Amino acid sequence: MEHWNAELEAMPWRDVERWQAERIDAFLPALRSRSRLYARLHAEASLRVRELADLRTLPFTTKDDLRMAQDAANDAAPFGDNQAVDSTAVVQALSSSGTTGRPLYYALTARDVETFADAIATVWFTAGIRENDVVAHLVGLPMVAGGLPYADGFRRVGATLCWLGGFPTERILADMRRLRATALLATTSFALHLAERWDDAGRETPIASSLKKVLGGGEPGLHHAEIRARIGHGLGGADVRETMGLGDVLPSMWGECERHDGMHFCAQRSVAVELVDPESGDAVAWQEGATGELVYTTFARDATPVVRYRSRDHALVTGVGCACGRTSPRIRCIGRTDDMLIYKGMNVFPAAVRDVVAERFAGIVQPFVRIWKEHAGQVRFDDAIALDVETIAALADDSARERLARAIESEVRGRLQVRVAATIVAPGTLPRGTYKSPLVAVRRAKGETSDAP
Ligand SMILES: [Zn+2]
């Protein structure tokens with residue numbers, strides 16, 4: 001069996017956790033003296049980690065902790081209280097995309113760049129990328145987690161990096177054929193957008209497509225059979241694999257193997273992962289069917305490390321171990337805390353609404369929807385949630401649209417116990433992003449709308 005980091009990827013998971021605990025035990029005392037953030041958070045803590053479960057005696061680190069740490073930036077430490085190295089050792093700054101508030105910045109030392117490249121290469125290799133692949137990298141912003149770090153990962157595997165992200169869609173479609181791209185990496189939204197146009201673009205060039213592999217991620221949805229089929233089918237029958245990471249921690253840590261049954265954790269050489277109950281913070285065991293929030297500890301990170309970082313990503317464990325020989329847990333991401341809405345006291349992820357609609361009405365509606373908020377800060381809904389659903393083909397008349405809308409409302413209520421007020425919109429109405437397409441938009445005033453922050 002082929003693995004990138006054969007030793008760790010095939011090691012019994014218990015032994016991987018023991019191996020990690022040894023490194024964390026050595027890492028933490030030094031961190032408390034390097035980072036003002038952890039000098040504060042770990043002031044009272046015992047830093048002995050004999051087994052990974054001992055991590056649970058340490059406090060979580062939250063996004064707010066990182067924001068406040070960054071607010072304490074000064075000339076000597078532009079990355080704030082969590083800058084754990086001297087500025088001269090920093091070789092790169094990275095930024096979060098800022099889709100959920102103002103962006104955060106992270107620093108990398110030369111060793112951090114190596115750590116990232118190794119982990120991300122492990123993900124790409126797990127997801128089927130090999131040195132003979134020609135990869136169209138379609139994230140347009142070098143500074144975000146999916147930018148330069150992903151590019152480094154492709155080069156580390158030995159594939160040919162074609163960084164086409166940022167060019168207009170027409171040029172991307174043409175250049176992929178010209179350069180004989182065998183693989184592409186894009187957000188789920190953009191992959192769907194390309195899939196809709198791939199055949200048309202192909203008719204304009206005499207060069208046949210070489211595309212065989214699609215890596216997607218950056219937003220939940222790719223686990224969904226209907227979305228996956230549309231992307232794979234639209235892109236000439238390409239094999240679709242899902243990947244996932246987090247800028248605050250490591251840009252890509254999870255990758256799907258040839259079994260197509262959830263993403264393996266691939267960053268075991270530098271990151272420890274826990275699953276916790278999002279309400280209580282208690283540990284949740286890695287077993288098939290379990291759900292929880294992912295919590296990460298970067299024990300090999302020099303510049304801006306995190307310990308027990310609450311990712312706000314909610315996962316469903318699809319299995320532990322795998323016929324591919326990898327021992328790490330496998331997951332699907334089911335949503336993010338930041339996206340969560342509360343309908344009459346009940347939590348609901350916009351992605352779950354989208355999944356129900358896309359699954360039940362496959363072939364009739366597009367596998368994306370738009371949920372309307374009255375204002376950007378709205379989380380709670382006591383009335384039916386306004387939902388736009390786009391049909392694939394225009395419907396004949398108002399009564400057909402009405403019937404479909406009522407059927408969608410009934411399906412969502414039956415499956416999720418959530419009331420929605422569905423509006424059927426014409427083909428091509430909902431925005432298709434070249435980066436991430438939010439499922440939620442804000443209704444400001446009549447006729448004036450904007451995406452949710
Ligand atoms: Zn596997």
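Guide: Let's start with the whole chain and then look at a few places inside it. Keep in mind that this is a predicted model.

Visitor: Fine by me. How many helices and strands does the protein chain have?

Guide: The count is 11 helices and 21 strands.

Visitor: And what does the radius of gyration tell me about the chain?

Guide: You hold it up against what a compact globule with the same number of residues would have. For 453 residues that would be near 22 Å, and the protein chain has 22 Å, so the two agree. Along its principal axes, the C-alpha trace spans about 70 × 55 × 45 Å.

Visitor: What share of the residues is buried?

Guide: Buried residues account for 56% of the 453 in the protein chain. Take the contacts between residues at least 6 apart in sequence: 67% of them join residues at least 24 apart.

Visitor: What about the surface and the charges?

Guide: The accessible surface comes to about 19,000 Å², and 50% of that belongs to carbon and sulfur atoms. As for charges, there are 55 positive and 60 negative ones, and their mean positions lie 1 Å apart.

Visitor: Can we zoom in on one residue? Is L275 buried or exposed?

Guide: Relative accessibility is the number to check, and under 20% means buried. L275, in strand β10 (residues 271-276), has 1%, so it counts as buried. Beyond its neighbours within four places in sequence, L275 is in contact with several residues, including W286, L294 and V317. Y296 is 21 residues away from L275 in sequence, yet their C-alpha atoms are 8.9 Å apart in space.

Visitor: Why is helix α6 called largely enclosed?

Guide: Count its buried residues. In α6 (residues 148-157), 7 of the 10 are buried, so the rest of the structure largely encloses it. Among them are P149, Y150 and F154. Just after α6 comes G158, with a positive phi of about 100 degrees.

Notes
Residues numbered from 1 in each chain as written. Predicted model: local features only at pLDDT ≥ 70, side-chain atom pairs only at ≥ 80, totals over all residues. Heavy atoms only, no water. Helix = DSSP H or I, 4+ residues; strand = E, 2+ residues; numbered from the N terminus. Rg over C-alpha atoms; globule rule 2.2 N^0.38 Å. Buried < 20%, exposed > 50% of the residue type's maximum accessible area, 1.4 Å probe, protein only. Contact = heavy atoms within 4.5 Å. Areas by Shrake-Rupley, 256 points an atom, 1.4 Å probe, with all protein chains shown as cover. Lys, Arg positive; Asp, Glu negative; His and termini not counted. Charge placed at Lys NZ, Arg CZ, Asp CG, Glu CD.
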